[in-house]
Amino acid sequence: MTARIYKPAKNAMQSGKAKSREWQLDYEPEQPRTIEPLMGWTSSGDMKQQLTLRFHTKEDAVAYCEREGIPYQLLEPKEPVRRIAAYSDNFAFRRGEPWTH
């Protein structure tokens, strides 16, 4: 029963940083998923896959795992590369292709 501690990336459909500032703890699957023959749905008997814990800080998540004796894997987040662009760059002379309507 290994746990993953990570900071989730923002959803592609959101412009803000909601739900991406907290650290999340998910358990690795212990059993492989199976396909039910009748409906074709994917199922699993592992109930810990449904469990997600959220923490305000990375230290809180690590302390929880150490207190409960859960082996964990810590995944550090990558900082997004910010590209500074202004509206006037659309009309600049250094633009690759000329501006047309």
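**Aromatic and charged side-chain interactions**

A search of the whole structure, a predicted model, finds one aromatic pair. Phe-55 and Tyr-64 form this pair, which is tilted, with 5.6 Å centre to centre and 40 degrees between the planes; rings of Phe, Tyr and Trp (its six-membered ring) pair if their centres lie within 6.5 Å, and planes under 30 degrees apart count as stacked, over 60 as edge-to-face and the rest as tilted. Phe-55 is buried, at a relative accessible area of 14% (buried means under 20%, exposed over 50%, partly exposed in between; 1.4 Å probe, protein chains only). Local features need pLDDT of at least 70 and side-chain atom pairs count only at pLDDT 80 or more, whereas totals for chains, interfaces and linings use all residues. Residues are numbered from 1 along each chain as its sequence is written, and side-chain values use heavy atoms, with hydrogens and water left out.

The structure holds three salt bridges, each defined by a side-chain nitrogen of Lys or Arg within 4 Å of a carboxyl oxygen of Asp or Glu. Arg-4 and Glu-28 meet in one of these, at 2.9 Å from N to O. This pair links distant parts of the chain, 24 residues apart: Arg-4 is in strand β1 (residues 3–6) and Glu-28 in the loop between β2 and β3 (34–35). Helices (H or I, at least four residues) and strands (E, at least two) are DSSP runs, numbered from the N terminus. Both partners are partly exposed, with relative accessible areas of 29% for Arg-4 and 27% for Glu-28. A salt bridge also joins the side chains of Lys-58 and Glu-76 (3.0 Å, N to O). Lys-58 lies in helix α1 (residues 58–68) and Glu-76 in the segment after β6 (72–74), so the pair ties together parts 18 residues apart in sequence. In the salt bridge of Arg-67 with Glu-68, the closest N and O atoms are 3.9 Å apart; Arg-67 is exposed (59%) and Glu-68 partly exposed (47%).

Asp-26, in strand β2 (residues 23–27), is buried yet has no salt bridge, the nearest side chain of opposite charge being Arg-4 at 4.6 Å; Lys and Arg count as positive and Asp and Glu as negative, while His and the chain ends are not counted. The side chain of Asp-26 makes polar contacts with the side chains of Gln-24 (3.4 Å) and Thr-52 (3.1 Å). A polar contact is a pair of N or O atoms within 3.5 Å; within protein, one must be able to donate a hydrogen and the other to accept it, and residues adjacent in sequence count only if both atoms are side-chain atoms.
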